Amino acid sequence: MRKGIGSESARLFSQAKKLIPGGVNSPARAFRAVGGQPFFVAKARGSTLTDVDGNEYLDYVCTWGPAILGHAPRPVLRALRAVEPNGTSFGTCSALEVRMAQMISSLVPSVEKIRMVNSGTEATMSCIRLARGFTGRDLIVKFEGCYHGHVDSLLVRAGSGPLTHGQPDSAGIPKALAALTKTLPFNDFEAVRELFKREKRSIAAVILEPVPANAGLYLPQPGFLEELRHLCNRYGAILIFDEVMTGFRLAPGGAQEIFGIRADLAAFGKVIGGGLPVGAFGGRADIMDLLSPDGPVYQAGTLSGNPLALAAGLAQLEELQRIDGWKRLERKGRHLEQIFLEAIGKKPVCFHRIGSMFCLYFTRGPVRNLDDAKKSNTKHFAKFFRTCLQQGVYFPPSQFETAFFSLAHSHSDFEKTATVLTEAL
Ligand SMILES: *Cc1c(COP(=O)(O)O)cnc(C)c1O
């Protein structure tokens with residue numbers, strides 16, 4: 001058995017807390033939902049994190065999604081080294097931007113035009129401004145438990161971060177703005193139909209995670225995405241898929257490919273950055289053409305299309321294509337699912353997986369929306385998390401997050417994890 005958090009991590013955390021709110025630059029890292037203190041990472045390689053005290057952890061957070069090839073993959077490091085001597089930022093056009101636009105539009109058929117940004121938050125924020133600019137309407141529809149970054153209009157009943165920290169909504173968001181965001185339960189056909197019937201042509205856009213992965217992980221019921229597509233067509237609203245998590249992870253064309261739905265606009269991030277800060281949004285050309293400088297919807301970014309970030313992202317996507325990474329991940333996923341289900345046995349735990357994303361809820365389920373997810377016993381989850389961490393297995397430090405594996409995770413990693421699961425459950 002390991003000891004727990006080492007002395008160097010503890011020392012760094014106490015220094016961090018003096019200068020950084022909560023000691024962290026993103027709240028989930030503070031381990032508040034599970035107790036204890038975060039460990040500080042010195043190095044990440046393959047499926048493993050090594051902390052500043054020399055402890056190793058088998059990592060199922062995968063930097064919250066981007067590390068789909070594993071940590072520090074050779075093709076990405078090689079690409080970074082190749083571009084770095086030419087400079088880190090140009091402030092004007094580079095060939096990498098054209099290559100990335102071609103890559104994304106070739107993988108995602110709904111993307112006729114695309115713009116690069118620096119985070120998922122920027123991508124979703126730009127999507128809703130564009131949808132409002134295009135339709136001339138103000139109302140946005142989102143779903144409980146879906147997280148779309150920390151955009152004011154979208155931080156309403158927004159899943160993992162706020163849930164974990166016990167605030168359903170953030171302070172500092174004007175009521176007048178929040179009132180323009182209508183929130184509905186996910187997978188509730190009737191509620192969506194009702195809202196459209198009531199608001200009709202005031203709805204600018206419906207935004208959702210096609211596979212909600214920020215309140216644990218649950219799937220759209222058959223026909224739900226089709227219904228949203230149908231209602232948006234009928235009432236002239238823009239359908240926005242937030243594929244920041246699912247894009248380039250579930251399939252080359254993301255959830256749109258898997259479920260056969262064409263969104264009007266889509267937001268991307270995480271995997272397309274290869275571990276560097278990147279986001280993107282794109283979709284129908286007639287909508288995207290409203291962006292400045294062609295149109296009246298303003299959007300810009302000093303570091304957007306940054307050469308290092310795009311080189312890393314392109315290298316990651318090209319490697320995934322070259323080795324047919326998505327098929328391999330699905331095969332690995334089936335193996336993981338089989339041995340995890342054996343480890344879970346008859347325990348009251350609900351296991352969900354799609355591709356290389358998975359989640360264990362401490363309830364019998366079924367879990368189809370946020371209310372179901374909240375039935376999970378978070379005390380059991382916290383204990384489970386701590387036991388796994390002590391045994392060197394790092395799951396996301398909240399019940400309301402999704403776990404990931406990468407192409408660097410081996411069968412023996414999964415088997416080791418299943419042994420730890422058996423003990424921790
Ligand atoms: C992570 C995430 C975001 C926010 O992306 P950031 O890069 O953290 O700003 C938005 N939407 C979804 C679905 C996400 O998972």
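An N or O atom in the side chain of Lys 270 lies 2.6 Å from an oxygen atom of the ligand; a polar contact is a pair of N or O atoms within 3.5 Å. Taken alone, the ligand exposes 380 Å², of which the protein buries 83% (accessible areas come from the Shrake-Rupley method with a 1.4 Å probe). The model is predicted, so local features need pLDDT of at least 70 and side-chain atom pairs count only at pLDDT 80 or more, while totals for chains, interfaces and linings use all residues. Residues are numbered from 1 along each chain as its sequence is written, and side-chain values use heavy atoms, with hydrogens and water left out.

A polar side-chain atom of Thr 121 is 2.6 Å from an oxygen atom of the ligand. In the side chain of Asp 242, an N or O atom is 2.6 Å from a nitrogen atom of the ligand. The residues around the ligand (those with a heavy atom within 4 Å of it) include Ser 119, Gly 120, Tyr 147, His 148, Gly 149 and Glu 209. This shell divides into 3 nonpolar, 6 polar and 3 charged residues. Here Ala, Val, Leu, Ile, Met, Phe, Trp, Tyr, Cys and Pro count as nonpolar, Asp, Glu, Lys and Arg as charged, and the others, Gly among them, as polar.

A search of the whole structure gave 1 cavity of 30 Å³ or more. On a 1 Å grid over the protein atoms alone, a cavity is a set of points where a 1.4 Å probe fits but cannot get out, and lining residues have an atom within 4 Å of a point. Grid points are joined across faces, edges and corners, and a volume is the space filled by probe spheres set on the points. The volume of the largest cavity is about 100 Å³. Strand 12 (357–361) gives the most to its lining, with 3 residues. Helices (H or I, at least four residues) and strands (E, at least two) are DSSP runs, numbered from the N terminus. The lining comprises 8 nonpolar, 3 polar and 1 charged residues, among them Phe 358, Phe 381 and Glu 401.

Strand 2 (residues 48–51) pairs with strand 3 (residues 56–59) in the antiparallel sense over 3 bridges; strands pair if DSSP finds at least two bridges between them. Leu 49 stands opposite Tyr 57 of strand 3. The two strands form a hairpin with 4 residues between them, and Gly 54 in the turn has a positive phi of about 90 degrees. Strand 3 also pairs with strand 13 (residues 393–394), in the parallel sense over 2 bridges.

Terms used. 1 Å grid on protein atoms, 1.4 Å probe; cavity = no way out; pocket = protein on both sides within 12 Å on 5 of 7 lines; lining within 4 Å. Polar contact = N/O pair within 3.5 Å; in protein donor to acceptor, adjacent residues only side chain to side chain.
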